[in-house]
Amino acid sequence: MKRILLKNGMSVTLQPDRTDPVVAVSLLFRAGSVLDPDGREGLANVCADTMERGTSALEFVEFSRRFERIGSNLSLGAGSELVHGGATFLKRHAETGLSLLADVLADPGFRESDFEIVRALARNDLDAREDDLDDVAEDLFFRGVADGHAYAKLPHGTREGLDALRPGDLRAFHAGSYRPDRAFLAVVGDFDEGRVLRFLEERLGTLPNPPGEAAELPPLPAVTEPRVLVRTRPEKTQAKIYLGGPGLSAGDPDRLAAIAANHVLGGSSIRSRLGDEIRDKRGLAYSVYSRNFERSNGGFFVVHMGTRPENVQGAVEAIREELARIAQGVTGQELDDARAYLTGSFPLRFTTYGKLARFWTRSAFYGWPEDYLETYVPRIRALEAADLRRAAERLVAGARVLAVAGPVGEDLRPVGNG
Amino acid sequence: MSAVERRTLDNGLTVVAERRGLGPVVFAGVVYRVGSRDERPGLTGISHLLEHMMFKGTRKYAKGEVAALVERNGGELNAFTSEDVTMYYEVFAADRWELALEIESERMVNLAVDEAELESERQVILEERAMYLDIPAIELAEELTAAAVRESPYRWPIIGWEADIAAITRADVLEHYGRYYAPGNAALVVVGDVEPGEVFAAAERRFGSIPGGPEIERRVPREPEWTRTTRIELVRQTQLPQLQILFRAPEIGTRDSEALFLVANVLSGTKTSRLDLALVETNKAGDLQVQFHPKADPSTMLVAVEGQPGVPLEEVEGILWEELARLARDGVTEEELDRALNQVEAHHLFALQSPSNRGFLLGWHEAHGDVAYADTIVGRLRELNAVDVQAAAGRWLDRGRCGVARLLPGAGGNGA
């Protein structure tokens with residue numbers, strides 16, 4: 001693995017490997033929905049989706065078909081903090097593919113007709129999210145936790161925000177937010193390192209940075225009072241529950257301990273305290289899990305499940321009991337099992353070039369050490385019970401936000417204060 | 001370039017092994033030739049329920065012990081049930097992959113079905129079913145399939161009808177297990193950083209002494225030709241209308257199933273596929289999919305469109321029929337066919353990288369009688385020409401013999 005900075009500050013990680021005649025590319029820009037201006041919620045997402053549709057020279061159908069003819073596809077998608085771009089190419093088409101990618105980064109088309117189609121699809125997506133209660137409850141939860149912070153601006157935006165967008169907003173957002181000095185690229189697979197490096201210097205290293213420095217986000221504040229958010233949807237069968245609060249950031253010193261503690265609590269799809277209690281013992285849910293959604297300046301810790309409305313109260317109480325219990329620490333056996341799982345399963349996470357490329361861009365963005373892959377296993381092995389207990393306490397400490405969507409009423413409120 | 005090796009043990013278990021992959025990782029799975037296709041009315045969903053019970057303990061492993069064992073070894077384990085097959089699999093680091101065989105050989109013969117566990121798992125499955133039915137497109141597809149398919153067991157959902165799930169007994173589960181879970185009705189698939197020779201030796205050690213199992217007599221009703229168009233309509237409290245069209249489709253391995261697979265890829269799947277240009281790019285629809293996975297018996301191809309508020313479904317349906325008729329009338333261009341083939345071929349090669357995806361693919365085709373087809377299909381598709389694709393569209397996309405379902409936003413409920 002080799003990591004360098006291009007002249008304009010773009011981070012590039014190259015990992016040549018000749019196992020398969022395939023090349024995967026991953027690309028991150030710090031241009032996600034946290035940068036949506038007030039009143040223009042949804043702009044980052046519409047900008048990314050419009051951008052992937054062509055260049056000044058090549059309109060949508062021709063541009064897309066050049067990718068399709070080589071068996072590939074370019075996707076750019078906005079998340080909360082990041083825009084992620086990715087593509088996989090057969091080795092013999094890799095230069096064509098990289099060249100098309102460079103074209104669109106240097107000179108996106110941003111046609112008004114593309115903007116209108118993308119905006120219509122974004123509105124459609126908002127409607128589709130209303131039809132999916134998991135999405136409804138998830139939005140309630142994230143907005144409930146991040147209330148007032150930029151992390152409350154979710155990628156799909158709002159109807160009012162989408163309505164307010166003008167075609168010119170896209171170019172302005174792109175010029176200000178797609179900064180090469182805040183961009184991270186990785187190429188993994190069967191390619192010639194020197195050739196690709198020269199290509200990247202020439203075609204991407206020359207992209208200009210906007211004047212000034214990139215703005216930094218303030219940390220996500222704590223939630224000090226219980227918040228209960230209910231969306232009543234009598235026509236549905238299940239109620240979706242999201243219970244949690246602010247979590248740990250991607251750079252947190254307790255990050256690995258939190259991963260291990262959460263594995264014991266509900267991070268594992270194989271076996272976990274929440275799964276044993278809520279799924280296996282009580283049969284209340286098809287699936288229940290807990291997760292820390294990490295961001296650069298905070299995180300969201302959440303327990304999620306779906307159940308019949310009459311079971312909501314019991315389920316919430318059961319989750320709370322497990323949160324209280326994990327804050328007391330884990331058993332020696334649980335610690336051993338978590339360490340064994342996390343170290344033993346580590347190679348399973350890197351079975352494709354695409355997965356490796358995404359790992360490299362993500363780790364560069366979060367500033368993880370370059371020897372992350374080599375040190376991960378010894379760092380997990382070195383975790384002790386006290387580390388997990390401390391991390392678990394911190395994870396669940398702010399779990400004061402309960403979001404429920406489904407055939408439940410306002411009378412659910414007292415449950416949230418338990 | 002395929003390195004797939006295959007042997008059959010004396011008890012009838014076929015073993016498929018392939019060395020490939022980037023890292024020290026091994027996928028190992030057992031696929032049984034049983035699914036919702038092998039069920040009958042009154043016991044629908046039993047294959048899926050049995051799959052759930054396979055995680056609830058055996059003679060050697062108490063409940064939870066398999067999960068603990070896999071976890072302690074840093075593995076993954078899971079399973080899925082489909083119409084034709086049920087597959088159980090583990091993924092481990094290459095230095096401990098044989099543990100998967102220890103678990104699967106035990107589960108093949110020594111399942112314990114505890115009454116209390118069965119009741120608890122029944123509730124879990126009813127929650128799973130409720131979860132699916134809260135998604136409008138899934139509910140609509142289930143209703144449409146049940147209305148349009150006449151004889152084939154593919155007419156009921158894999159998860160089963162609610163009343164059947166509620167009524168299945170412990171004796172039913174054990175009977176289903178006894179009939180279908182045996183080496184003669186199964187295949188072991190191992191893919192990853194391990195020599196096929198080692199795989200065959202380990203398979204003999206772990207599975208070789210298991211009796212082959214009973215002869216299985218299958219009398220699966222074959223779906224007759226459709227003779228009419230079935231229309232259904234659902235009214236639900238949703239934001240978006242949905243339109244779905246279902247066609248009868250040919251079984252796996254046939255020339256027509258291959259041509260129809262290309263038809264599906266010309267119609268949808270990329271940003272500039274025909275239906276995407278006709279409906280999504282004109283703001284008449286949002287999400288759009290054409291689903292066709294050929295199965296052991298004639299099954300179905302589904303065209304599913306998520307509409308836009310304010311665009312009548314009649315208009316969407318009109319455009320759909322126009323596009324389907326155009327394909328049958330004018331055929332495809334060479335460039336269009338070439339683009340579709342390049343997509344299929346590239347995706348095939350990309351999927352080789354993941355041991356799990358490769359293992360699922362090999363298991364699926366081994367269970368359908370021809371593991372080599374997992375790779376030869378790409379070449380067979382390349383042999384098809386524009387005339388074949390046009391002819392398949394004309395034969396199978398028949399407006400007078402299909403199912404059409406509309407979901408309209410309104411005051412209706414799902415009975416809750």
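**Charges, fold and interface of chain A**

Student: How do you know where the positive and negative charges of chain A lie on average?

Tutor: Lys and Arg count as positive and Asp and Glu as negative, with His and the chain ends left out, and each charge is placed at NZ of Lys, CZ of Arg, CG of Asp or CD of Glu; on that basis the mean positions of the 54 positive and 61 negative charges of chain A are 2 Å apart. This is a predicted model, in which local features need pLDDT of at least 70 and side-chain atom pairs pLDDT 80 or more, while totals for chains, interfaces and linings use all residues. Residues are numbered from 1 along each chain as written, chains are lettered from A in the order written, and side-chain values use heavy atoms, without hydrogens or water.

Student: What makes a residue of chain A count as buried, and what percentage are buried?

Tutor: Buried means under 20% relative accessible area (1.4 Å probe, protein chains only), and 61% of the 418 residues in chain A are buried.

Student: How do you know that chain B is in contact with chain A?

Tutor: Contact means heavy atoms within 4.5 Å, and 65 residues of chain B are in contact with 61 residues of chain A. The buried area, which is the accessible area (1.4 Å probe) lost on putting the two parts together, summed over both, is about 5500 Å² between these chains.

Terms used: Buried < 20%, exposed > 50% of the residue type's maximum accessible area, 1.4 Å probe, protein only.
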